Amino acid sequence: MYFIYKPIEYTLVDKPINRTFVYDGTVHILSSTDAYTVTGVGGSEIGVYQFNVSLNIDPITNTGYKWSDNTIDDIIVIYTIKDASTLGWSFGSSFPIKFS
């Protein structure tokens, strides 16, 4: 009996990034794709939401994904929802502008 070793053929994919949102009642989630699986629950309330992101590999076709930086480790992505008043600037505020 012979076995033929076939290395995994990887496709590069960009890592999802940490994001900050201003509270507006919208539910913010990070969804799984063909390239990676996401675990964690998003939300719509002010707070911090954590997602674990794992790359997908298909052992039957021997294909899979790598991050665009050529790594394969799971990553953690953080979504933060902040109140607009904590952002340090709001409509109607002034800031120094000098005209010559």
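This section describes the fold, strand pairing, core and surface of a predicted model.

The protein chain contains seven strands and zero helices. Of the 100 residues in the chain, 24% are buried. The accessible surface amounts to about 7,700 Å², and carbon and sulfur atoms contribute 57% of that area.

Strand E4 takes part in two pairings. Strand E3, residues 36-39, pairs with strand E4, residues 47-55, in the antiparallel sense. Four bridges link E3 and E4. Within E4, serine 54 stands opposite threonine 37. E4 also pairs with E7, again in the antiparallel sense, and here seven bridges are found. Glycine 47 has isoleucine 81 of E7 as its bridge partner.

The interior was examined next. In soluble globular proteins, nonpolar side chains tend to be buried together. In this model, the largest nonpolar core holds 15 residues. Leu30, Val53, Trp67 and Tyr79 have the most contacts inside this core. E3, E4 and E7 are the elements that each give two or more residues to the core. Valine 53 illustrates the packing. Beyond its neighbours within four places in sequence, valine 53 touches Leu30 and Trp67, among others.

The surface carries a nonpolar patch of about 260 Å². Tyr10, Ile57 and Ile72 make up this patch. Isoleucine 72 sits in the loop between strand E6, residues 63-67, and strand E7, residues 75-82. Isoleucine 72 counts as partly exposed because its relative accessibility is 45%, between the limits of 20% and 50%.

Two asparagines in loops have positive phi values. Asparagine 62 is not a glycine, yet its phi is about 60 degrees. This residue lies in the loop between strand E5, residues 57-58, and E6. Its relative accessible area is 18%, so asparagine 62 is buried under the 20% cut-off. Asparagine 70 likewise has a positive phi, near 70 degrees. Asparagine 70 is located in the loop between E6 and E7, where isoleucine 72 is also placed.

Definitions and conventions. Residues are numbered from 1 along each chain as its sequence is written. This is a predicted model: local features need pLDDT of at least 70, side-chain atom pairs count only at pLDDT 80 or more; totals for chains, interfaces and linings use all residues. Side-chain values use heavy atoms; hydrogens and water are left out. Buried means under 20% relative accessible area, exposed over 50%, partly exposed in between (1.4 Å probe, protein chains only). Accessible areas come from the Shrake-Rupley method with a 1.4 Å probe; for residues, only the protein chains shown count as cover. Patches are made of residues with over 30% relative accessible area and no salt bridge: like charges are joined within 9 Å, nonpolar side chains (Val, Leu, Ile, Met, Phe, Trp, Tyr) within 5 Å. A salt bridge is a side-chain nitrogen of Lys or Arg within 4 Å of a carboxyl oxygen of Asp or Glu. Two strands pair if DSSP finds at least two bridges between them. A nonpolar core is a set of buried Ala, Val, Leu, Ile, Met, Phe, Trp, Tyr and Cys residues joined through side-chain atoms within 4.5 Å. Contact means heavy atoms within 4.5 Å.
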